[in-house]
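This report examines a helix contact and the aromatic pairs of one structure. The sequence and structure are shown first.

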Amino acid sequence: MQISTAWIDTDKLPRKPTSFLRFSGRFKEHKRHQVFVSAQFRPVRDENRHRWASFQVSCSYNNSQVSTLESESLQDLLNEEALILKNKSQEIEPYLNGRCIYLVGMMGSGKTTVGKILSRTIHYSFCDCDKLVEQDVGVPSVAEIFEIYGEDFFRDKETEALEKLSIEHRFVVSTGGGAVIRDENWMYMSKGISVWLDVPLEELAQRIAAVGTKSRPLLDNESGDAYTNAFRRLSTLFEKRHKAYKNAKATGFAGKLSENTEDECTHCADIAAKLGYKDVSNITPAMIAIEALEQIGNIL
């Protein structure tokens, strides 16, 4: 038997077999067979940016293909992350005392997605601050609120929402990207634990360009290349906000900031390098949630 395989990191594989080969009865009549087996390990990213993989095995006998077997999704990859999340949450839950967790960061940094994972993990409720403002104003989107009433009106309503949340307990709150610019907002968030999700601007621009800017009122004003425009505008916004983001209690995602923001070392990039990824696009929301719990644990 000749076997052709590709080397892959065994840490990314489940600890139990996910498929097997079955030979028909007629093969048992012979003692030896020349069978060629090839395997493909194919990582896939779904619409929610969750990673899974399929493992495909092809067999051939006498130069003709016999069968192709494909395993189910390797859920163990996600299950392993879920187990780590569970263990991390059990470590910090006794010390949270019901305090709310506020996720801050630029638009597109994954505050909503990571927030929902965190809330499920630590048995909190999840709240999107933008949604609270939309419900309060009776307008279906932040973009429309900006268009009808202007940014200052939205910021006032955002502050009102954070004030209401400051007296609540056991909430993971996804804040708007610009919530950090008001000192009053930090006063309300200081009653809980704030975590900065810092993602490189290049990655943010790619994410936003891929889905469009219609829901991003601070970006949806320019024509031309979507990525270039998004990156330029994000750079301007980040220059104004990055010092405010550093007020977050858990600043592990920021790494060490230099005076020049172009030389910034982001923790997400460090995570990617540690895991052997070339860029942060390979980091799953669950990985970021795990890191967030670790950083929260460091300050409790």
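Which residues in H2 meet which residues in H10?

## Contact of H2 with H10

The model discussed here is predicted. On the H2 side, Thr113, Val114, Ile117, Leu118, Thr121 and Ile122 take part in the contact, and their counterparts in H10 are Pro285, Ala286, Ile288, Ala289, Ala292 and Leu293. Sorted by class, this contact of H2 with H10 comprises 10 nonpolar residues, two polar residues and no charged residues.

## Geometry of the crossing

Helix H2 spans residues 111-122 and helix H10 spans residues 285-299. Their axes come within 9 Å and cross at roughly 60°. H2 and H10 are therefore oblique to each other, and the crossing in which H2 passes H10 is right-handed.

## Aromatic pairs

A pair of aromatic rings is described by two quantities, the distance of the centres and the angle of the planes. The structure holds five aromatic pairs. One of them joins Tyr227 and Phe231: the ring centres are 6.2 Å apart and the planes stand at 20°, so the pair is stacked. The cut-off applied is that planes under 30 degrees apart count as stacked.

Both residues of this pair, Tyr227 and Phe231, belong to helix H8 (residues 226-245), where they are four residues apart, about one turn of the helix. Tyr227 is partly exposed, at a relative accessible area of 30%; Phe231 is likewise partly exposed, at 28%.

## Aromatic cluster

One aromatic cluster is formed by Trp196, Phe238 and Tyr245.

Definitions and conventions
Residues numbered from 1 in each chain as written. Predicted model: local features only at pLDDT ≥ 70, side-chain atom pairs only at ≥ 80, totals over all residues. Heavy atoms only, no water. Phe/Tyr/Trp six-rings, centres within 6.5 Å; stacked < 30°, edge-to-face > 60°. Helix = DSSP H or I, 4+ residues; strand = E, 2+ residues; numbered from the N terminus. Buried < 20%, exposed > 50% of the residue type's maximum accessible area, 1.4 Å probe, protein only. Axes fitted to C-alpha atoms, helices over the stretch in contact; angles between N-to-C directions. Parallel < 35°, antiparallel > 145°, perpendicular 65-115°, else oblique. Left-handed = near helix turned anticlockwise from the far one by under 90°. Contact = heavy atoms within 4.5 Å. Nonpolar A, V, L, I, M, F, W, Y, C, P; charged D, E, K, R; others polar.
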